[in-house]
Amino acid sequence: FDVIMMAPPWQLATHNPTRGVALGYSQLTDTHITSLPVPQLQKDGGFLFVWVINAKYKFTLDLFKEWGYELVDEIVWVKLTVNRRLAKSHGFYLQHAKEVCLVARKGARDPEGTKSSVASDIIFAERRGQSQKPEEIYEIIEELVPDGRYLEIFGRKNNLRDYWVTVGNEVTGTGMPPEDVEATKEGGNIHGAVYGAANNNNK
């Protein structure tokens, strides 16, 4: 693939990982994410777009090195409400109203046909469904590498797009596996998930 984009279901390491906010999806440990065969899906000259949260910023930079990628840029999505106000959400110190997508390249050359100076590195777009990214990110990627081969990992039904390959356990729109749904009812934990300080063992 010329471009791979993913928004990993990051597992939070705090004792109270969601601070009362229901995530509504299964999470993966750092070890599981590291073991993904992403490098095998791209030859040298591919771009990797990874949506990160603050707690996983450094981990993702280290992951790029381990996978053989170099950080080349980043995109910031400023989230807006339907009234074009900042769509603020929970944060530990500050209320978050943005998401960051790190852009890395495998190898020393760009994918064939790559354009330069396309679009802006800031997206102002309305916040939509949970984990749903703005249409603009797809448009930027398609403008950056026209007629490329595009893959989205951890996609959802609301992320499906023509000419993209989308994979994820919620692509069908049926939601989380039934056993995970049951486990998360009334504040329960998903079987096998690691919460709190114990997650340090999975880094």
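Mentor: Let's start with a contact, which means heavy atoms within 4.5 Å. In this protein, residues 24 or more positions apart account for 70% of the contacts with a separation of 6 or more.

Trainee: Before we go on, what kind of model is this, and how are residues numbered?

Mentor: This is a predicted model: local features need pLDDT of at least 70, side-chain atom pairs count only at pLDDT 80 or more, and totals for chains, interfaces and linings use all residues. Residues are numbered from 1 along each chain as its sequence is written, and side-chain values use heavy atoms, with hydrogens and water left out.

Trainee: How many helices and strands does the protein have?

Mentor: Helices (H or I, at least four residues) and strands (E, at least two) are DSSP runs, numbered from the N terminus. Here there are four helices and seven strands, and along the sequence they follow β-α-β-α-β-β-β-α-β-β-α.

Trainee: What is the order of the strands in the sheet?

Mentor: In general, strands of a sheet pair through backbone hydrogen bonds, either parallel or antiparallel. Two strands count as paired if DSSP finds at least two bridges between them. In this case seven strands form an open sheet with mixed pairing, in the order β5-β3-β4-β2-β1-β6-β7. Its edge strands, β5 (122–126) and β7 (164–167), each pair on one side only.

Trainee: In which sense do β3 and β5 pair?

Mentor: Strand β3 (residues 69–80) pairs with β5 in the parallel sense, over five bridges. To find one on screen, look for Trp77, whose bridge partner in β5 is Ile123.

Trainee: What share of the residues is buried?

Mentor: Buried means under 20% relative accessible area, exposed over 50%, and partly exposed in between (1.4 Å probe, protein chains only). Of the 203 residues, 41% count as buried. As for the surface, accessible areas come from the Shrake-Rupley method with a 1.4 Å probe; for residues, only the protein chains shown count as cover. The protein exposes about 11,600 Å², with carbon and sulfur atoms supplying 52% of it.

Trainee: Where is Tyr163, and is it buried or exposed?

Mentor: Tyr163 lies in the loop between β6 and β7. Tyr163 is not a glycine either, yet its phi is positive, about 75°. At 76% relative accessibility, Tyr163 counts as exposed.
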